[in-house]
Amino acid sequence: MTLAPETTAEPPVAPPGSEPDEAPRSMLRRGWEVFAENKLALAAVAILALIIGFCFIGPLFYHSDTSVVNLSAVTQSPGTGHPLGTDNDGIDELGKLMVGGQTSLEIGLAAGSIAAIAGALYGAVAGFVGGWIDALMMRVIDSMMSFPLIFLLIYLSSVYGKSKGMLILEVGLTSWFGITRLVRGEALAIKVRDYVDASRMMGSGGTRIIFKHILPNTIGTTIVNTTFSIADAVFALSTLSYIGLGLQAPNNDLGGMLDVGTNYASQGYWWMIYPPAVVIILIILSFNVIGDALRDAFESRLQKR
Amino acid sequence: MALLEVIGLRTEIRLKRSVVHALDGIDLSVDAGETLGIVGESGCGKTMTAMSIMQLLPNGGNVVGGEIRLDGRDLLSLSAQEMDSVRGNDIGMIFQDPTTSLNPTMTIGRQISESVRIHRGASKKEAHERAVEALSLVGMPSPAQRALVYPHELSGGMRQRAMIAMALANEPKLLIADEPTTALDVTIQKQILELIDNLKQQLGMAVILVTHDLGVIAGRADKIAVMYAGKVVETTSTRALFANPRHPYTEALFQSLPERSAESGDRLYSIPGLPPDLTKPPTGCRFAARCRYAVDDCRTNEPPLAGTDEQHRFACFLPVGAPVYRTEAEPVAAPTADAVVTERIRESRDRTQAETLLRIEGLVKDYPVTAGLVLRRKVGAVSAVADVSLSVHQGETVGLVGESGCGKTTVGKLIVGLEKPTGGSLLFQGRDLAQAPRTERRRLRRDVQLMFQDSYAAMNPRMLVRSVMREPLDIHRVDSPAERDRRIREIFDLVGLPLSALERYPHEFSGGQRQRVGLARALALRPKLIVADEPVSALDVSIQSQVLNLMRDLQSELGLSYLFISHDLSVIRYLSDRIGVMYLGKLVEIGPAESVYSNPVHHYTRGLLDTIPVADPAVEAAKSSQGIAGELPSAIDPPSGCRFRTRCPAAQEICAQVEPKLTAYGPDNHLAACHLPLRPAAAASEEVQPALV
């Protein structure tokens, strides 16, 4: 086809000046720029990186064997050889903190991811299908949310076990209801968009629409809430362990350490309480701050610069 | 001295990393009882001018220079509090969308009386009385009762009347109307514009009418300021501007209007490129980059806003048009027009005799209205499409026109399969789509594609244009993946898009280019018929013409058929071989484009033609008809007999009792459904077989 003069005369894509001179920035790139403006979030990322380094790289340089009981050195206060003292079994607190932090982070990340995937899928399907199926699916969620989750967790961990794998599943499968509600809400809004109509008109089925159009467009909500649910999972695990229904010795996590520590609170053994408590707080706080910043990043991506 | 004088107004908007020089030296003046039209493409600073006068700039916006004098008083020197007493009192403003500009939790009356109480210190009772008075002024039926209702209980047109009442409650000296009818239907648009005109004369106000619609401005403004990239490029009286535009930008805008080429069917002029980025305004004339006459001087020196006389000023070194405006109209190049028209009709007839691609017979679509949350029992039905029959032939363009709510979009959705018909049949190439087995239906559907009004909304914002283009091919597993990519490149070539566009996201494109991508996607499956639902109504005229030209080129290139749905008769007329007019779910008239346009039979068609603003002051002034009165009745319980009878100037008893059938008027399959037609039926006036439609 011979193009008309005015169409060929048109500069490619956009004339200079109508767009920023830099190469087109991807959505992620622009999101990152907004994220980077949030100094608190950058601090949270740094703190989280430090904690992860401490827990996963620390053991390479520091003795962190938590399986050998040393009854000759129980509840020692911080000093040479034991910078953070020892616990009631004579295990070095600093090493125990590294290993416990590892477990908490692993379970938190894994459970949070399970929650995100399950929640997003369930919500997208419910929102897209709609009608009575959606109503039924959401009433199930409502009833799950109508009693304190901790009871559910206690029940699950007592019945199905307290191994690491089971705890991941248990915590993960009890913390996706919030994400589901949010994703369903978005799916309801997305499914009436023109691009879903366009796709339907081209002949695509429900599965394709859910995976190609609905889920990618809820990614902002999902990622943001995944960070929150990781924080929640660390918290839930700590709670479970604190009441003695989490990991069993010699495995350890931060909540379990706190549980042991508080048994000695009256004796003033502060080194058994504050270090795990501070690390728990830092982890949860960091994930929450990062989540907030991510939400801003994803939202302002849609705004004009 | 003029009532409002704006001298050298400069406004900037600070963004995070740059400053937009939104307005750069705007000079305007409006007298009492005068309407100044501000016109230009989107983003040229029209609204920013209005907002600067009101000092209601968005965050980061600041007037950085110039003067705004209202009655000799410099508004820029006023304190924020003093300005509060000017806004809503001396200056009233009407916004584009009455739905978002009214508070949904307050009654209409309270919202109007609020401003009366603030500015006049009136008591509650007095203010309410004033509100009712203002509502009756704007022609609100039973104003005392309407003052007590909430905005959602009113129709769009009534809401805009309420907005006007609010703006007028304190009898302002100046009324600023920012795109006051863009969100409204054409028939309502005419009523609202007429109302503003009447009120202007009644109250002796000055009016600033901001609009992108050259038709609106032609009929309503006394003088016009054409804006481009934050500057006034030409200003003069309406008559002089339309008869003798001097600035190449104004000329280009006029030449891209489809009504200018509707009769000849010539290609439309389109302005290449986009307006400049106002964070870094170009040196020299801002239009130079897009101007076909630009010379080196234009790119280095900025032309001042000057002119041959005080009345007509323009900012151009190389003005177009005649240096002196002659009052007697130049002879229009009419002689050839007739021949061209007959030529076009003949061509259309050839196409009509081509193979029938799509035939709709007695198509019905009802949407159930349900009550109750759980049981959802059916309490009624919205009759969106009622017994519509029409056909589209190979290589033909059929235009479907009507107000919003007339069912034209639903017809489009039914054809492409986004909705299931309640009754009637859809035959594509002779095969009934509803009866065809699943696989065949899928194959047939591939040949009918939809082009959306807003291509941006119709593209997943998280997909690269490459993936957007691949989607239809992937769904239908057309050829091998490599072959699919090759086909995409071929189509991009065809629609004039660079291949680099494939690696971008939809939001990185301008409106016109998105529409190109939209058309490209619709073409990916090599369809035979494209249903285009308002494909250019969201675009500026200069861009609109690019898309219209492209659609035409592709039609002759690929032998496509179009079903072109639009509320804009001039666009429809430009592109269509035949036009169908719909009203409240019914097809009331259909026939060859020229015949329907210049010789309508149905009163609704006549009304629509009178209602739609034409970008020609002479034509606008000649219009005597009041257009179409009233508002579209509810489709839940449509009027008996002829559905148009409630708004028809000629309605009689028979219209309520008997539903009129489509009858032939003239030899070219010009059909209309009216008991009291505007011209007599053809000799053999028999009921028409659906096959003929």
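Visitor: Which residues is B:R313 in contact with, leaving aside its neighbours within four places in sequence?
Guide: B:R313 is in contact with B:T235, B:T236, B:L305, B:A306 and B:G307. Contact means that the C-beta atoms of two residues, placed from the backbone, lie within 7 Å. This is a predicted model, in which local features need pLDDT of at least 70 and side-chain atom pairs count only at pLDDT 80 or more, while totals for chains, interfaces and linings use all residues. Residues are numbered from 1 along each chain as its sequence is written, and chains are lettered from A and ligands numbered from 1 in the order in which they are written.

Visitor: Is B:R313 buried or exposed?
Guide: B:R313 counts as buried because it has 20 C-beta neighbours inside 10 Å. The cut-offs are 20 or more other C-beta atoms within 10 Å for buried, 12 or fewer for exposed, and partly exposed in between, with C-beta atoms placed from the backbone.

Visitor: And where does B:R313 sit?
Guide: In strand β11 of chain B. Strands (E, at least two residues) and helices (H or I, at least four) are DSSP runs numbered from the N terminus.

Visitor: What order do the strands take in the open sheet with β11 of chain B?
Guide: The order is β6-β7-β8-β3-β9-β10-β11 in chain B, 7 strands with mixed pairing. Two strands pair if DSSP finds at least two bridges between them. β6 (91-94) and β11 (313-314) of chain B each have a single partner strand, so one side of each is left without a neighbour in the sheet.

Visitor: How many bridges join β7 and β8 of chain B?
Guide: 5 bridges, with β7 (174-178) and β8 (206-211) of chain B running parallel. One of the bridge pairs is B:A177 with B:L209. α1 of chain B packs on this sheet and touches β3 (35-39), β6, β7, β8 and β9 (223-228) of chain B, at about 145° to β7(B). Such angles run from 0 to 180 degrees between N-to-C directions, with axes as lines fitted to C-alpha atoms, for helices over the stretch in contact.

Visitor: What else does α1 of chain B lie across?
Guide: α1 (46-54) of chain B lies across β1, β2 and β4 (61-70) of chain B, at about 75° to β2(B). Those strands belong to an open sheet of 4 strands, β2-β1-β4-β5 in chain B, with antiparallel pairing. β1 (4-14) and β2 of chain B pair over 8 bridges, and B:E5 has B:S29 as its bridge partner.

Visitor: Changing topic: how much of α19 in chain B is buried?
Guide: 12 of the 13 residues of α19(B) are buried. Its cover includes β17 (448-451), α17 (465-475), α18 (481-495), β18 (529-533) and α20 (541-558) of chain B. α19 (511-523) of chain B reaches 18 Å from its first C-alpha to its last, close to the expected 18 Å, where the expected span is 1.5 Å times one less than the number of residues.

Visitor: Which residues have the most contacts inside the largest nonpolar core?
Guide: B:A165, B:L174, B:I176, B:I208, B:A520, B:V531 and B:L563, in a core of 262 residues. A nonpolar core is a set of buried Ala, Val, Leu, Ile, Met, Phe, Trp, Tyr and Cys residues joined through C-beta atoms within 7 Å. Helix α5 (93-129) of chain A gives the most to this core, with 14 residues. Beyond four places in sequence, the contacts of B:L563 include B:V392, B:L529 and B:V531.

Visitor: What about β21 of chain B, then?
Guide: All 7 of the 7 residues of β21 (586-592) of chain B are buried, so β21(B) is largely enclosed by the rest of the structure. β20 (578-583) of chain B joins β21(B) through 6 bridges, running antiparallel, and B:G580 stands opposite B:I590. In that hairpin, with 2 residues between the strands, B:L584 takes a positive phi near 45°.
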